[in-house]
Amino acid sequence: MPSEVLIENRQPIAQGATPLPSARHLIEVAGVEKIFGDPETGHRALEAININIEEKEFFTLLGPSGCGKTTLLRMIAGFEHPTVGEIRLHGRDVAPLPPRERPVNMVFQNYALFPHLTVSQNVAFGLEMLGWKKAEITARVHETLSLVKLAHFSNRKPAQLSGGQQQRVALARALAPRPQVLLLDEPLSALDLKLRKEMQFELKRLQRETGITFVLVTHDQEEALAMSDRIAVMNTGRVQQVGTPEEIYDDPTNRFVADFIGEANLIPGENLGRSSSIVVAVRPERVAVCAAGEAALTRGIVDNATFLGSDTLMEIAIPGGSRVRARMRGAAKIPSGTEVGLTWPREAERELVD
């Protein structure tokens with residue numbers, strides 16, 4: 001029996017858990033660093049992490065592989081411990097507490113369902129480990145399976161379910177003990193694109209209906225933007241920016257965030273008659289293509305135009321060897337080799353230190 005699955009389902013339930021001291025934030029990650037191996041020469045996975053997560057919030061840790069996001073999630077769960085710093089729940093440092101004594105639950109990337117148990121038995125497992133009475137377990141299993149729309153699959157085994165259905169069983173099992181925090185480690189990564197889109201809405205619905213704080217780890221920018229109340233963008237063990245999806249997308253604080261979140265043109269400042277120490281970030285959908293003779297911020301030659309259904313993505317080569325992408329509504333019929341002007345609203349650009 002996998003040890004982490006056993007731990008996962010032993011969280012205190014809301015009515016039985018010892019109340020924690022009240023505080024402004026539900027979760028506080030304060031000055032956390034994590035070094036694997038020797039403190040001097042080991043791998044520094046996290047450095048100077050400071051994040052606050054609120055009650056009833058859908059919070060996402062977003063970044064490329066190896067940025068430290070899963071390590072941080074496992075610290076909140078109690079499977080890893082900080083080398084330096086504190087992780088506090090309702091103001092109390094939970095570092096001394098094992099996973100089973102924290103009011104959190106975790107959904108793992110591979111779902112970790114017991115193949116020999118039915119759907120109902122998988123969901124009931126954690127409640128049995130917590131010592132719930134049989135009648136309470138039966139009622140809670142039905143309630144939770146109804147929440148994830150799987151009540152009519154209660155007697156099936158995991159192998160008889162689709163990937164999306166298995167994912168919802170894992171969610172039901174994690175939600176059943178009524179944790180204060182649900183941690184999700186890339187739960188949609190194994191699903192195909194269409195199902196992944198559907199489950200994004202499903203996760204957001206579950207978070208809204210249960211009122212539980214969700215903390216999601218993902219490397220998928222679109223997924224993070226679609227579901228989150230706030231996002232922490234991470235890279236090389238550090239937090240680059242924390243903000244709402246709109247803030248992260250429209251007002252990136254540095255070049256990494258601008259380039260990592262969605263599409264962005266990063267134009268060297270000297271190409272626009274500005275300082276060579278900056279780059280100008282502007283989203284392709286804010287770039288307008290005009291005739292070469294009209295007033296424009298820069299000019300270039302159309303290199304390629306790709307029709308994408310609702311819009312056309314154009315690539316324009318500008319002086320200095322850079323390229324600018326512009327998204328135009330519908331089918332834009334501008335032949336390759338055409339000289340054009342490019343412009344955008346000044347409020348749509350961000351000057352970033354290169």
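The legends below accompany an overview and two close-up views of a predicted model.

**Figure 1. Overview of the predicted protein model, with 9 helices and 18 strands.** The C-alpha trace of the protein spans about 80 × 50 × 35 Å along its principal axes, and 49% of its 354 residues are buried. Among the contacts with a separation of 6 or more, 67% are accounted for by residues 24 or more positions apart. The accessible surface of the protein comes to about 16,100 Å², and carbon and sulfur atoms contribute 50% of that surface. The protein carries 40 positive and 44 negative charges, whose mean positions lie 6 Å apart.

**Figure 2. Close-up of a patch of negative charge on the surface.** The patch gathers Glu246, Glu247, Asp250 and Glu285. Asp250, one of these residues, has its place in helix α8, which is made up of residues 245–250. The relative accessibility of Asp250 is 44%, so this residue counts as partly exposed, a class that lies between the 20% limit for buried residues and the 50% limit for exposed ones.

Conventions:
Residues numbered from 1 in each chain as written. Predicted model: local features only at pLDDT ≥ 70, side-chain atom pairs only at ≥ 80, totals over all residues. Heavy atoms only, no water. Patch = residues over 30% accessible without salt bridge, like charges linked within 9 Å, V, L, I, M, F, W, Y side chains within 5 Å. Areas by Shrake-Rupley, 256 points an atom, 1.4 Å probe, with all protein chains shown as cover. Salt bridge = Lys/Arg side-chain N within 4 Å of Asp/Glu carboxyl O. Lys, Arg positive; Asp, Glu negative; His and termini not counted. Charge placed at Lys NZ, Arg CZ, Asp CG, Glu CD. Helix = DSSP H or I, 4+ residues; strand = E, 2+ residues; numbered from the N terminus. Buried < 20%, exposed > 50% of the residue type's maximum accessible area, 1.4 Å probe, protein only. Contact = heavy atoms within 4.5 Å.
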